[in-house]
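Time to look one residue up and see what surrounds it.

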Amino acid sequence: MSDYKRFVSYIYGYEQGEKRESVGFVKVNARGDECKIWVHLKRFYVHGQKPYQIYVFTQDRERLEGWPLGELESRNGALEWNGVTKTDSLMGSGFSLEESRGLYIEGAGHVFAAEWDDYPVDVERFRNVKGSARQETVEPPAEENIQVQEVVKAPVQESVPESTSTEALM
């Protein structure tokens with residue numbers, strides 16, 4: 001079956017951009033136009049703690065562009081996320097499973113990542129391209145969120161001021 005793809009990738013912790021220990025895994029099962037993703041992270045969630053966010057990412061030359069999948073939930077002493085999406089547009093991102101490179105997870109001051117081919121991930125280059133998985137609008141990053149104001153120019157005067165002679169201008 002050419003439209004069937006199944007794989008497991010390991011999730012690693014990252015400290016100061018360096019790949020550390022394995023802390024979980026992601027299972028991906030794609031059949032036809034449906035893609036099932038299951039994420040399991042060996043981390044305990046402390047009540048009241050901000051939830052861990054999970055993103056699927058693609059890679060271009062300059063950065064990793066992440067699209068939010070959702071929030072990890074505390075289950076049986078671990079953090080997990082399960083989802084079903086379209087294979088050709090993961091969570092409405094516009095890129096397919098084939099174009100994606102892996103997962104990026106952040107929360108409680110920690111960064112975790114899984115690359116489908118098990119290569120180290122340059123987590124310093126990650127950028128979220130959408131504000132939240134629950135939001136409907138795309139918000140640009142803060143440095144690009146510049147308000148444009150219309151500039152009205154005053155008419156230019158053609159005359160030369162009285163104190164300046166034409167000889168002084170030459």
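This is a predicted model: local features need pLDDT of at least 70, side-chain atom pairs count only at pLDDT 80 or more; totals for chains, interfaces and linings use all residues.

**Getting my bearings**

Residues are numbered from 1 along each chain as its sequence is written, and side-chain values use heavy atoms, with hydrogens and water left out.

**Strand 7 and its partners**

I looked up who pairs with strand 7 (two strands pair if DSSP finds at least two bridges between them). Strand 3 (residues 34-41) runs antiparallel to strand 7, with eight bridges; here I found Trp38 opposite Asn82. Strand 6 (residues 73-75) is also antiparallel to strand 7, over three bridges, and Glu73 faces Glu80 there. Strands 6 and 7 make a hairpin with two residues between them, and Asn76 in that turn has a positive phi of about 50°.

**Zooming in on Thr85**

Is Thr85 buried or exposed? I got a relative accessible area of 11%, so Thr85 is buried (under 20% is buried, over 50% exposed, partly exposed in between; 1.4 Å probe, protein chains only). I placed Thr85 in strand 7, residues 78-86. Leaving out residues up to four places away in sequence, Thr85 touches Asp33, Glu34, Cys35, Leu90 and Met91 (contact means heavy atoms within 4.5 Å). For Met91 I noted the backbone nitrogen 2.7 Å from a polar atom of the Thr85 side chain.

How values were computed. Helices (H or I, at least four residues) and strands (E, at least two) are DSSP runs, numbered from the N terminus. A polar contact is a pair of N or O atoms within 3.5 Å; within protein, one must be able to donate a hydrogen and the other to accept it, and residues adjacent in sequence count only if both atoms are side-chain atoms.
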